[in-house]
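Dear colleague,

A summary of the findings follows it.

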Amino acid sequence: MSTSSTSPAVLVLEDGRTFTGTAYGATGETVGEAVFSTGMTGYQETLTDPSYRGQVVAMTAPHIGNTGWNDEDDESTRIHVAGFVLRDPALRPSNWRSQRSLEEELVAQGIVSIAGIDTRALTRHLRERGAMRVGIFSGDALGDEASRLERVRSAPEMAGSALAASVSTSEPYVVPAQGEQRFTVAAIDLGIKTMTPTRLAERGIEVHVLPATATWEQVQAVSPDGLFFSNGPGDPATAGDQVALLQEALRAGLPYFGICFGNQLFGRALGFGTYKLKYGHRGINQPVLDRSTGKVEVTAHNHGFAVDAPLDEATQTPFGTASVSHVCLNDDVVEGLELRDGDGDDARLLGFSVQYHPEAAAGPHDAAYLFDRFTDLLATAGTKEARA
């Protein structure tokens, strides 16, 4: 149900820190992992990004909702965040593309949210203490202080959570190539965003989107020229089946491209570990160095886990030579991996991945070249018959 701007709401962190504000969107109770996003724009794409499943997202930009909501910018079929936190909601949307207000959409999809709190203080708290469980309570779910804290502390933690299958497609589908078809790619949907297969299709690639539970036999049935792993939520340590599938593909010589969760699973397939970041990277303004070109990109991120790989030395794996291709300039977190058939200057690229989102929804366009890099890889990788 909708709420008035004076209806009370309370945000409770698992360490006992409490923020009091007003109910926004739906009323009730929600729990999840507290994270913050530093994007000044793109709240609709953030809310509909499947990678945010199980997370309560606080926006660091103070004024949210001015562009309203439309049916064209969704990155999936629904809102995936567990809850939403904002400081100063727009009184009314003002944009020619807006079809309804942000709050109306939150109400329609039952997303419990809170407004009017000091999001700067909340963000500083999470930066100092780390991401943690949180709850938003309003309406009949307000309860008392002790019961609210107990409900937050009984919620599952993000570490150890297997969430990709819960946001994946249940049935395969095809995104046709735009113009002349050049290649066929099998894309494993671990929480794929709508714009990603669109970017591949723009380059003449027919994209067969397969469920997160797809087997190697199902991938082979598509007769692909390459394999793609999407972004997605949860702990990469829980994705053993997907890692095994990727290793089968690498053994078969199938060119690979992965983003976000797909980068973490590439790391695991190559023998590296993963770990949980203190508070993660979320937003559309993260600086990343592409080591192959020396170019600094401003990129869109949404991840709480990262790959533990050596930054300055190559690693020999059963599939080839692996190295770190991209690094975050804020904290030296691994932001990309590449696999080659040797360690010389003329070593052939076999597969690569990045930790961020190059599809530019709603982020900057700095990383769009990665789709071209994948297309070039497909063009130089040889024929499917040669790999069979």
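**Findings**

Gly232 lies in the loop that connects strand 13 (226-229) with helix 8 (240-251); helices (H or I, at least four residues) and strands (E, at least two) are DSSP runs, numbered from the N terminus. The model is predicted, so local features need pLDDT of at least 70 and side-chain atom pairs count only at pLDDT 80 or more, while totals for chains, interfaces and linings use all residues. Residues are numbered from 1 along each chain as its sequence is written, and side-chain values use heavy atoms, with hydrogens and water left out.

Gly232 is buried, at a relative accessible area of 9% (buried means under 20% relative accessible area, with a 1.4 Å probe and protein chains only). Leaving aside residues up to four places away in sequence, Gly232 touches Ser51, Leu190, Gly191 and Phe261 (contact means heavy atoms within 4.5 Å). Phe261 belongs to helix 9 (residues 261-269) and is also buried, at 2% relative accessibility. Among the residues that Phe261 touches are Ala164, Leu190, Pro233 and Gln355.

The UniProt annotation "binding site", from an unreviewed entry, covers Ser51, Gly232, Gly234, Phe261, Gln264, Asn302, Gly304 and Phe305. These residues span 255 residues in sequence, yet no two of their C-alpha atoms are more than 13.2 Å apart, so they gather at one spot. The lining of the second largest cavity includes Ser51, Gly232, Gly234, Phe261, Gln264, Asn302, Gly304 and Phe305. A cavity is a set of points on a 1 Å grid over the protein atoms alone where a 1.4 Å probe fits but cannot get out, and lining residues have an atom within 4 Å of a point. UniProt annotations may be inferred rather than shown by experiment.

Elsewhere, 7 strands form a closed barrel in the order 1-2-8-6-4-3-9, with mixed pairing (two strands pair if DSSP finds at least two bridges between them). Strand 4 (residues 55-59) and strand 6 (residues 83-86) run parallel and are joined by 3 bridges. Ala58 has Val85 in strand 6 as its bridge partner.

The largest nonpolar core has 36 residues, and Ile188, Val219, Leu227, Phe229 and Leu250 have the most contacts inside it. Such a core is a set of buried Ala, Val, Leu, Ile, Met, Phe, Trp, Tyr and Cys residues joined through side-chain atoms within 4.5 Å. Helix 8 gives the most to this core, with 5 residues.

Yours sincerely

Key. 1 Å grid on protein atoms, 1.4 Å probe; cavity = no way out; pocket = protein on both sides within 12 Å on 5 of 7 lines; lining within 4 Å. Buried < 20%, exposed > 50% of the residue type's maximum accessible area, 1.4 Å probe, protein only.
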